[in-house]
Amino acid sequence: MTKSTRDLVLTFIAFILLIGLASKCSSSSDSDSSYQYEKTPVDKLIVKLNNVQNYSIILYDMDAQEGITSDTYMHRYQIIKTINDDISIDSTDWQNVSQEFFMDNEKNLGMEIVSKKDGVISKKVSPAGYNNYVGNEKYGNWVKRDNGSSFWEFYGKYAMLRSAFHMFSPIPYNSWYNYDHNYRRYGRSYYGAGNYTYGTYGNRSSNSNKKWNQTKSSSFKNRVNSRVSRSSSSSRTNRSSSRYRSSSSFRSRGGGFGK
């Protein structure tokens, strides 16, 4: 084989390899494009409230319904907005959420899952009202008991916040101080000291009137949680694999929001 013939053969082989590489990259790109992030109802609420500088989004209630082929998972949210010191309290209709999003928030019933304070958004979970209102002397003050302990009391103008935040027992100063100094400043979610004090299973939470607790037996909730947990684990595994291959965002299937 002459040198010119050998060079021609090598050039042809290189061309074939280049075509194969381009085809593989194109196929990978098409596959990656299927992993598109879809906004949850909470994401859509955040967009809707973009111009509001101070608000809280509370997981007001949750529910699940058994289906023949699949189950349906739902949330309701409560939104407390502060505009020019005027406070409004609204609730959404039931919103369909993905299994994964439901499981991620299964312990957050009655909790504040998003807050925005002076234009800064936080998605760290905390007891309702802890981030924007409790400890804020614009809305109330700490009242000292005879034994030296203190609890939070809203001013009369803002007394409705107690009901909005389901504060049916006084908020002790040491609980809020623990949150403020050991959790909020480090960007950590807070459910109370020690075992869960707040949230779905909290002993200071008033969730007995919620649909999730009224209409679902423990056995059904356990089955739901078991199925959601398996689905969530599988989704996380697939998501990690897709991120490894394509560095793309994971996909979450959430419904639209109502009001």
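Modeller: What follows goes from the whole chain to single elements and residues, and the model is a predicted one.

Biologist: How confident is the prediction, as mean pLDDT?

Modeller: The mean pLDDT of the chain is 77, and 64% of the residues reach 70 or more.

Biologist: Where does pLDDT stay under 50?

Modeller: Over residues 242-259. The model still has 50 contacts for that stretch beyond four places in sequence, placed at pLDDT under 50.

Biologist: OK. How many helices and strands?

Modeller: Seven helices and 10 strands. Of the 259 residues, 39% count as buried. The chain exposes about 14800 Å², and carbon and sulfur atoms supply 50% of that area.

Biologist: And what share of the contacts join residues at least 24 apart?

Modeller: 59%, taken among contacts between residues at least 6 apart in sequence.

Biologist: Switching to β2. What does it pair with, and in which sense?

Modeller: Strand β2, residues 72-83, pairs with β3, residues 86-91, in the antiparallel sense over six bridges. The two strands form a hairpin with two residues between them. In the turn, Asn84 has a positive phi of about 55°.

Biologist: Which residue of β3 is opposite Lys81?

Modeller: Ser88 stands opposite Lys81.

Biologist: What about His75, buried or exposed?

Modeller: His75 lies in β2. Its relative accessibility is 0%, so His75 counts as buried.

Biologist: Which side chain does His75 have a polar contact with?

Modeller: That of Tyr77, at 2.7 Å. In a regular strand the side chains alternate between the two faces of the sheet.

Biologist: Now the helices. Which residues of α2 are buried?

Modeller: In α2, residues 41-48, they are Pro41, Val42, Asp43, Leu45 and Ile46. These buried residues pack against β1, β2, β4, α3, β5 and β6.

Methods: Residues are numbered from 1 along each chain as its sequence is written. This is a predicted model: local features need pLDDT of at least 70, side-chain atom pairs count only at pLDDT 80 or more; totals for chains, interfaces and linings use all residues. Side-chain values use heavy atoms; hydrogens and water are left out. Helices (H or I, at least four residues) and strands (E, at least two) are DSSP runs, numbered from the N terminus. Buried means under 20% relative accessible area, exposed over 50%, partly exposed in between (1.4 Å probe, protein chains only). A polar contact is a pair of N or O atoms within 3.5 Å; within protein, one must be able to donate a hydrogen and the other to accept it, and residues adjacent in sequence count only if both atoms are side-chain atoms. Contact means heavy atoms within 4.5 Å. Accessible areas come from the Shrake-Rupley method with a 1.4 Å probe; for residues, only the protein chains shown count as cover. Two strands pair if DSSP finds at least two bridges between them. pLDDT is the predictor's confidence in each residue, from 0 to 100.
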